[in-house]
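This briefing is meant for a reader who is meeting the structure for the first time. Please look over the sequence and the model before turning to the notes that follow.

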Amino acid sequence: MTRHGVGVSIQPTLFYPSGAIFLCPGREREIEIRHPGASRFFLVHEYGHLAMRTREEAVADEWAAKQLAMVPAERDTLRAVLSYFVDQGMLFDPLYGTGFDRALRVARAAGIAEREWPLPLVAYAKAQELKKATGTALRLRVKDGYPNAAQMVVWIDRQPIGVLSNVDGERPLELPKLSPGRHLLHALDVWLYHMDPSGEKSEVARRLEAECEFDSTGKNVIDVDLRFDGETLMIQVEERR
């Protein structure tokens, strides 16, 4: 059920009216051997998917970190999972980012003081600030029509970059500055939603994909525009600044 991951959650369905969470005991044991207490985070993470009604791993990470931070007895859980993610280092998954990305996300959401971070995480955070200042920000815009929000996995030049979304707030995707010239952007596993003013979201379409080529001149903001006509997803890329 977890497809070799630690856990997975299922949003409410006819068979699971309240949703469901599945955990892999084998993966939990593996984590506990080296980082006692860390596996508890992944259970709370899956509850985050249900509580926030989101597919986004970053949102579930942040929710879990905030919940655990409110319980003094769970500080050890946060320290353990921080150590676990730092040990994952630069191991990359397009849905989650790197281990360092997850560690940084958890540390900031939980309000853990930087002086308590592992030293490799402090160095990574500083490198990320430099990357943000000198790199390129990918932004999502959903154009004209009933769908007004989307989530997708972005690949550039056939390399996975990460998740781009505006469903749970604007989340630009930071990447190193692109070299001048022609590039290919591929949007995979695209989910479209309609967000009403109250914040309630309704699914419009799922598991779409689209691609387009674009020319880069090295600017630091790239807008990704989506259009959906009810059948076909179209994508356009435009550099700004």
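Which residues in helix 4 meet which residues in helix 5? In helix 4, Leu 78, Val 81, Leu 82, Phe 85, Val 86 and Gln 88 meet Gly 99, Phe 100, Arg 102, Ala 103, Val 106 and Ala 107 in helix 5, where contact means heavy atoms within 4.5 Å. This is a predicted model, in which local features need pLDDT of at least 70 and side-chain atom pairs count only at pLDDT 80 or more, while totals for chains, interfaces and linings use all residues. Residues are numbered from 1 along each chain as its sequence is written, and side-chain values use heavy atoms, with hydrogens and water left out.

**Helix 4 and helix 5**

- Helix 4 (residues 75–88) and helix 5 (residues 99–109) pack at an angle of about 155°, and their axes are 6 Å apart; helices here are DSSP runs of H or I with at least four residues, and strands are runs of E with at least two.
- The two helices, helix 4 and helix 5, are therefore roughly antiparallel to each other, a term used for angles over 145 degrees.

**Nonpolar cores**

- The largest nonpolar core has 29 residues, and those with the most contacts inside it are Phe 41, Phe 42, Phe 85, Val 106, Trp 117 and Leu 121; such a core is a set of buried Ala, Val, Leu, Ile, Met, Phe, Trp, Tyr and Cys residues joined through side-chain atoms within 4.5 Å.
- Two or more residues of this core come from each of helix 2 (39–52), helix 3 (57–69), helix 4, helix 5 and helix 6 (119–134), and helix 4 gives the most, with seven residues.
- Apart from this core lies another, of 27 residues, among them Leu 138, Leu 192, Phe 214 and Phe 228.
- When neighbours within four places in sequence are left aside, Phe 42 is in contact with Val 6, Ile 31, Val 81, Tyr 84, Phe 85 and Arg 102.

**Positive phi values**

- Most residues other than glycine have a negative phi.
- His 4, although not a glycine, has a positive phi of about 75°, and His 4 is found in the segment before strand 1 (7–10).
- His 4 is exposed, with a relative accessible area of 75%; buried means under 20%, exposed over 50% and partly exposed in between, with a 1.4 Å probe and protein chains only.
- Asp 157, in the loop between strand 6 (149–156) and strand 7 (159–165), has a positive phi near 55° and counts as partly exposed at 33% relative accessibility.

Terms used: Axes fitted to C-alpha atoms, helices over the stretch in contact; angles between N-to-C directions. Parallel < 35°, antiparallel > 145°, perpendicular 65-115°, else oblique.
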